[in-house]
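User: I would like a close look at the side chains in this structure and at how they sit against one another. Please walk me through it slowly, as I am new to this.

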Amino acid sequence: MKKIGIFLEVPPHFGGTFQYTQTMLDAVAALPRDRFTVVAGYVDTVWRDYLEPYTSVKKIHIPRGFWGRALGLAWLLLRLPMGPWRRLCPWFHPMAKAMLKEQCDLWIFPAQDARSFQMPVPALVTVLDVAHLYDGQRFPEAASRWELLYRIPLYANICRWAKGVIVLSPIDKQQVMESFHLAEERIHIMPMVVPRYIEVAKTPPDFELRYQLPAKYLFYPAQFWEHKNHKKMLRALATLKPELPDLKLVLVGSPKNAWDSVLQLIKELDLAEHVLILGYVPDADMPELYRRARALIYASCYGPTNLPPLEAMALGCPMALAKVTCMPDRVGDAALVFHQDSVAEMADCIRRLWTDDGLCADLSERGKARAAQWKQPQFNQRLEEIVAGLTTDKGGKKPIRPAAAT
């Protein structure tokens, strides 16, 4: 009997990473109990409510430990060898003590987390993407001095110490191998699936009162980061306004570094009557927003950690999306695509979706059929295969080339 832990720290405002963590929690909880026992270690107390339905999962609170956390961050930023830290931290770090006490054969970290290598535990870590090394240099949230100072040793140490690394697509696998010289056999491809709340068919109470939605609208759920490309979408809308005066766009997401400039651009382009911003929306309301939307327009310049296109397919919402990384391959013929920097291409996709009922109906059916091919049961089975491989005598960390270590 093997004991598997899952590390829960990401809070809800982390958007897609939080949703992916829930999906991973479902998969870990579904591991067969005749072969595995499961413990969920939560850091952020928001996870208590999410863990209540998992009656067969042991729940423990893992304390952050202020000084241990601060010292660990300094150690990472100074690029000090991680081996000595891993030997020392169990003596003083409450997080290490709590995790080691459980004696897990494997700890699963659903996102790229420094605790996965700072804590001396066997770790399976999801690297959601390395877009900052390929597509992110023009965006301040990825290319700032702080981000580069932190992210480079973060990813390098994950690849140095993890027993296994999960990636979401073949493109991600190739990029991780190129960037961090990680041996191919230590990388496991496991595409994302939609979170379980998307399958809830019932309209939430008072939905119409809380959201004064247009009768027909385009939908874009994304936090207001620069790389989410809201401004080019707004410019595409502005070019279509004379031709399609009834065009409406509903935006969902928390304010980030592009928030002020997006609001300013809406004023400059005179789009106030065409754009409705709802801000942060709870998970329970998201399915209904998709169901009522004419189409999803997904303009993000990053991929493939983008849940909205997968959610749209599952709910039969037609869509157009930016052709970045593996996203066009993932959606196949269930979406229109445009170049993320082309306002003209984006406007053409919007026009077609807004005016062509037959196209929307066709994309809706294609999306539902494609979404049915990879769902939570398949995700669970894939995780079980990976975990079983890493917790047998043949599993474990394989040698890597020296360039990966810091």
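**Side chains and their surroundings**

S364 is buried, with a relative accessible area of 12%; buried means under 20% relative accessible area, exposed means over 50%, and partly exposed lies in between (1.4 Å probe, protein chains only). Before we go on, note that this is a predicted model: local features need pLDDT of at least 70, side-chain atom pairs count only at pLDDT 80 or more, and totals for chains, interfaces and linings use all residues. Residues are numbered from 1 along each chain as its sequence is written, and side-chain values use heavy atoms, with hydrogens and water left out.

Back to S364, which belongs to helix 18 (residues 357–371). Helices (H or I, at least four residues) and strands (E, at least two) are DSSP runs, numbered from the N terminus. Leaving aside residues up to four places away in sequence, S364 touches G316 and P318, where contact means heavy atoms within 4.5 Å.

Now for the rings. Searching the whole structure turns up 14 aromatic pairs. Rings of Phe, Tyr and Trp (its six-membered ring) pair if their centres lie within 6.5 Å; planes under 30 degrees apart count as stacked, over 60 as edge-to-face, and the rest as tilted. One of these pairs joins F207 and Y211, which are tilted, with 5.0 Å centre to centre and 55 degrees between the planes. F207 is buried at a relative accessible area of 0%, and Y211 is buried at 10%.

F224 and W259 make an edge-to-face pair, 4.9 Å centre to centre with 90 degrees between the planes. F224 lies in the loop between strand 8 (218–221) and helix 12 (230–240), while W259 is in helix 13 (residues 259–268), so the pair ties together parts that are 35 residues apart in sequence. F224 is buried, with a relative accessible area of 0%, whereas W259 is partly exposed at 22%. Elsewhere, F18, W47 and Y50 form one aromatic cluster.

The charged end of R160 sits over the ring of W161, 4.2 Å from its centre, and the charged end of K216 sits over the ring of W354, 4.3 Å from its centre. To count, NZ of Lys or CZ of Arg must be within 6 Å of the ring centre and within 35 degrees of the ring normal.

Finally, the wider layout. The chain is assigned domain 1 (2–193 + 375–392) and domain 2 (200–372), with bounds that come from an automatic or database domain assignment. Taken over C-alpha atoms, the centres of domain 1 and domain 2 are 30 Å apart.
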